[in-house]
Amino acid sequence: MSNAPAENATAEENAPEEVIDLAAANQVIDQYLTLPGNLMPVLQGIQEEYGYVPKPAINLVAERLNVYPSQIYGVLTFYAQFHLKPRGRFIIRVCVGTACHVQGAPRIVDTFFEKLGIGHAETTPDLRYTFEKVACLGACGMAPLAMVNDDTFGKMTVQKVDEIVAEYNQRPMK
Amino acid sequence: MVNLTVDDKQIAVERDATIYDAAKAAGIRIPILCHDKKLHPFGGCRMCLVEVEQMKGRLIPACTTPVSEGMIVRTMTDEIIKARKLVLELLLLKHPLDCPVCDAAGDCDLQNLTYEYKVDANNFTDEKFHWEIDYDNPLIERDQNRCIHCGKCARICDEIVSYGAYSFVNRGIEAKIGTPFDGKLDCEYCGSCISVCPVGALIAKPFKFKARWWALNKVKSVCSYCGTGCQLTLGVKDDKVLTTIYDEDQGFHNGQLCGRGRFGYQFVNSDERLTTPLVRKNGTLQPVGWDEALELISTKLQEARKNDPSAVAALATPRLTNEELFLFRKLFKDVVGTDSIDHSAGYAHEALTAGLKESFGITASPSQIVDIQKSDLLLVIKTDAYETHPVIGFEINLGVKRKGVDLRIISDKTGKLAKLPKAVNYLHKPGCELLLVNALAKVIVDENLAAESAAAITGLDAYKGMLAGVDLNQVAAVTGVSLESIRELATAYAKAEKALILLPIGLGYPGHGKELAQALSNLALLAGKIGQEGSGLLVLGEKNNSQGAADLAIHPTAGGRDAAAIIDGCASGAVKILYIAGENPVVAYPDRAKVEKALDNAGFVVVLDLFLTDSAKRADVVLPVKSFAEKCGTFTSVGRHVQRIRKAIKAVGESRSDREVLADIIARLTGEGVAADSATLFKQIGCYSGVNYDALGDAGAIYPVNVSPKFVPVVGSVPATEEGKYALLTGSALYHCGTMSLSGVGPMLVCPEQYIELGRVDAGKLGVNDGDRLKVRSASGELSLAVKVGLRMPEGVVFSPYHFADASINSITSGKSVTWVSLSK
């Protein structure tokens with residue numbers, strides 16, 4: 001099952017236990033504690049705080065909301081909006097939909113892979129970039145299309161990849 | 001009732017029935033993969049599609065569609081067959097089709113339906129799944145490639161087991177059944193998921209490659225662990241019990257089993273089983289023939305019978321059949337003439353044999369297990385009811401989740417039951433149960449909530465007089481349960497139309513004795529909760545035949561020694577001959593050192609057991625006896641349920657049943673033969689005269705009782721505490737029952753050694769984590785135990801189970817409900 005997002009498919013059995021400050025997660029849970037059907041807003045709130053949903057926070061949610069960890073994991077892996085690993089400061093998304101594909105998207109993707117040293121759904125060790133292939137960004141007229149956070153780059157070329165990376169390398173991390 | 005037609009058959013069914021239920025009632029089989037009668041309808045697999053005249057134009061899933069008046073259903077048309085074939089083709093598309101090496105082959109719904117619908121070709125092609133197979137788990141092997149996504153494993157784990165080990169993870173074609181973070185499966189190991197898996201995605205590892213399904217002989221029996229009395233089916237081949245087989249139509253529990261019931265059968269064919277009688281010669285136990293061993297025992301008993309019968313004492317395990325217990329009593333009470341017979345250390349059956357005996361005039365619970373789901377309010381003493389009787393725990397789960405039973409728990413820890421929806425756990429300081437129960441009664445009296453029926457019961461005035469002396473503020477202060485909580489619980493209990501109290505008892509629970517049972521009986525009588533369905537008091541006997549041992553009066557009834565006095569008598573020399581049928585006092589009775597000394601000091605000790613236990617090692621004669629799978633007879637479980645066990649395999653080695661041994665000894669002593677077949681013996685048992693042995697069948701029978709209620713005032717006392725020490729509670733571990741499960745292999749794979757469980761705060765204070773070791777020191781000894789950190793234990797309270805022979809907890813406990821210990825690294 002090669003298409004599975006990498007973050008879901010690999011079990012991190014040997015990774016050291018994450019140590020994070022759960023105060024923010026506790027605050028989010030406090031806010032929704034009595035709301036029926038509170039799992040989604042709690043998880044969204046936690047992702048808002050941490051940029052992803054850390055494992056210790058999942059255990060905390062399970063304990064405080066009395067929901068099985070397995071079910072929380074099920075919800076987190078079902079919705080594309082949730083992330084289980086820290087995400088980069090800049091999310092690079094390249095469309096590989098039909099229109100972009102025929103306009104050469106695969107070469108754009110490969111160039112990004114080469115430049116950043118990461119693959120699909122992966123994050124650079126310095127947490128600057130996360131790269132994602134996406135199905136369609138809804139701007140086929142600009143194909144091939146890439147986005148970095150909310151900035152859009154149409155009519156992408158291999159040269160433009162270099163320019164984008166060079167520019168975002170200069171941007172501050174905060 | 002709703003009338004409808006299924007395949008031209010007219011049928012009337014309940015309003016809430018589905019088309020599937022209606023067809024089943026009409027004797028028409030609709031194929032299913034994702035449906036299970038115990039679970040909520042799911043409608044995922046689309047195998048059960050049928051045609052409904054009134055809903056033409058599409059096929060309707062039978063398992064999720066409720067019936068309606070005048071419905072005309074057809075379950076087998078060309079279109080339906082085509083649709084079902086398509087479903088099977090799509091499932092087979094991804095399925096690995098590794099049937100030759102799959103343990104489910106023969107018992108696989110997918111395989112059987114594929115055959116039935118003649119799916120011999122597939123119109124589609126696709127890549128197979130390539131999920132990694134989980135071989136790591138000692139009991140449950142998970143192969144997601146075989147999974148057909150019926151979700152039954154995840155649903156049963158949620159709906160019935162309430163553990164939630166699995167869930168659907170990912171989405172679309174990537175979806176699979178997963179554990180949190182795709183980690184290792186770490187659960188209660190009840191194996192319910194295996195039992196409902198329609199394919200071989202989940203298989204019992206101990207059974208892997210042991211036998212083909214169709215080669216197994218299936219023998220119906222009753223589980224020989226706890227007192228729940230779950231029916232089970234043994235899978236037998238070549239005189240070996242190889243597995244337990246799921247049968248959804250067995251028993252009140254619909255075939256549900258716990259981990260020890262499902263995986264703990266391996267003691268039967270264990271290599272450790274004793275195979276010949278042993279007699280101590282020159283200080284060592286040496287194999288001898290049966291005749292020599294029995295003659296030796298008979299000679300000793302004959303001498304004592306003539307000279308000093310009171311020097312003979314006997315202990316029997318409540319795992320023997322009723323027939324064996326009957327002969328046991330006959331031998332020692334009638335033939336030898338001693339009243340010193342007992343079991344379960346004396347205290348573990350007192351709730352029934354002394355407590356309820358006085359309060360209700362019977363040595364059994366007035367209620368039954370099926371009352372749990374019929375009740376409005378359950379008052380459970382200790383959340384340990386889940387650990388001691390897991391399948392009763394499932395009943396509680398179902399009652400709370402499906403029937404909206406109001407669950408209240410009086411407990412010294414926050415166990416699993418406390419996590420059920422809307423459950424209220426009244427966490428109290430250790431050893432305060434009796435105080436709390438009396439306080440509840442006091443509130444009921446003070447607020448005039450007592451039932452009118454209570455006025456007619458003997459002893460009410462004395463009881464009220466005693467309650468008048470109860471100081472609620474003091475109880476609240478001592479127990480740690482607030483006055484408001486006590487008031488609220490008492491009111492809820494008294495006002496509930498049907499309220500049932502559950503009291504687990506056993507060797508691990510010295511505090512759950514006569515007095516607590518009486519205090520609870522008083523409470524139930526005061527609130528008028530005895531004598532109606534869904535109400536009353538259910539005392540959960542620890543072992544498979546604890547109830548039978550109480551019924552057959554395997555305890556001193558005429559001034560003889562009880563178990564504790566027998567041990568003391570051995571130590572003092574007053575008891576010269578001790579016959580131990582299956583008990584393991586060295587490990588299970590309080591104060592190990594004392595018991596060891598007593599056994600060494602007794603003149604002549606006979607032990608009958610399956611294994612060379614720590615007690616057997618100290619005996620003069622050891623006799624190998626049969627396990628439950630090798631003999632016939634009856635067990636009586638919680639709620640007075642008498643059920644038959646059947647011989648499934650030949651005797652292991654030269655072992656004989658306790659029944660045969662006892663009959664032989666009686667014959668040698670009296671010179672007259674006694675009938676030793678189960679049917680004849682059962683008919684001689686007076687208290688079961690209302691039960692017809694020949695009509696017991698698979699279902700068994702519940703014998704009736706007449707309750708003659710009486711208030712027996714019992715005063716609670718404030719438990720002593722020791723500053724700076726931890727309160728050590730003993731009890732049952734979920735995976736074990738008594739000491740027999742130690743040889744069950746399955747339970748030992750997931751819970752192999754004695755441990756001490758403590759809360760996070762205490763663990764932090766002591767600076768220990770899971771798996772570290774702690775020195776546990778009490779007044780009577782010290783043990784080094786593995787640490788288990790969890791959420792169950794409140795601050796200052798620690799728990800340790802009693803089952804284990806190595807570092808057994810009874811080396812530091814002395815039979816009090818709380819032992820004060822100091823902990824250090």
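Helix H8 of chain B has a kink in this predicted model: H8(B) bends by about 30° at B:Lys330, where the bend is the angle between axes fitted to the seven residues ending at a position and the seven starting there. Helices (H or I, at least four residues) and strands (E, at least two) are DSSP runs, numbered from the N terminus. H8(B) covers residues 322-336, 15 residues in total, and spans 20 Å from its first C-alpha to its last, close to the expected 21 Å. That expected span is 1.5 Å times one less than the number of residues.

Among the buried ones are B:Leu325, B:Phe326, B:Leu327 and B:Phe328, along with B:Glu323, B:Glu324 and B:Arg329.

A word on numbering and confidence comes next. Residues are counted from 1 along each chain as its sequence is written, while chains are lettered from A and ligands numbered from 1 in the order in which they are written. As the model is a prediction, local features need pLDDT of at least 70 and side-chain atom pairs count only at pLDDT 80 or more, whereas totals for chains, interfaces and linings use all residues. On pLDDT, the predictor's confidence in each residue from 0 to 100, chain B averages 95, with 100% of its residues at 70 or above. The model as a whole scores ipTM 0.89 and pTM 0.92.

Chain B also holds an open sheet of five strands with mixed pairing, in the order E2-E1-E5-E3-E4. At its edges sit E2 (9-13) and E4 (60-61) of chain B, each pairing on one side only; two strands pair if DSSP finds at least two bridges between them. Inside the sheet, E1 (residues 2-6) and E5 (residues 71-74) of chain B run parallel and share three bridges. One spot to look at is B:Val6, which stands opposite B:Val73 in E5(B).

Two loop residues of chain B are worth a look. B:Arg58 belongs to the loop between E3 (49-52) and E4 of chain B. Is B:Arg58 buried or exposed? B:Arg58 counts as exposed, because it has 8 other C-beta atoms within 10 Å. B:Glu795 lies in the loop between E31 (781-790) and E32 (797-801) of chain B and is exposed too, with 11 other C-beta atoms within 10 Å. Leaving out residues up to four places away in sequence, B:Glu795 touches B:Gly759, B:Val761 and B:Asp762, contact meaning C-beta atoms, placed from the backbone, within 7 Å.

How do the two chains meet? 19 residues of chain B are in contact with 15 residues of chain A. On the chain B side, the largest share, three residues, comes from strand E7 (residues 167-169). That side splits into seven nonpolar, seven polar and five charged residues; Ala, Val, Leu, Ile, Met, Phe, Trp, Tyr, Cys and Pro count as nonpolar, Asp, Glu, Lys and Arg as charged, and the others, Gly among them, as polar. Chain A itself has eight helices and five strands, and 24% of its 174 residues count as buried.

Technical notes
Buried ≥ 20, exposed ≤ 12 C-beta atoms within 10 Å, placed from the backbone. Contact = placed C-beta atoms within 7 Å.
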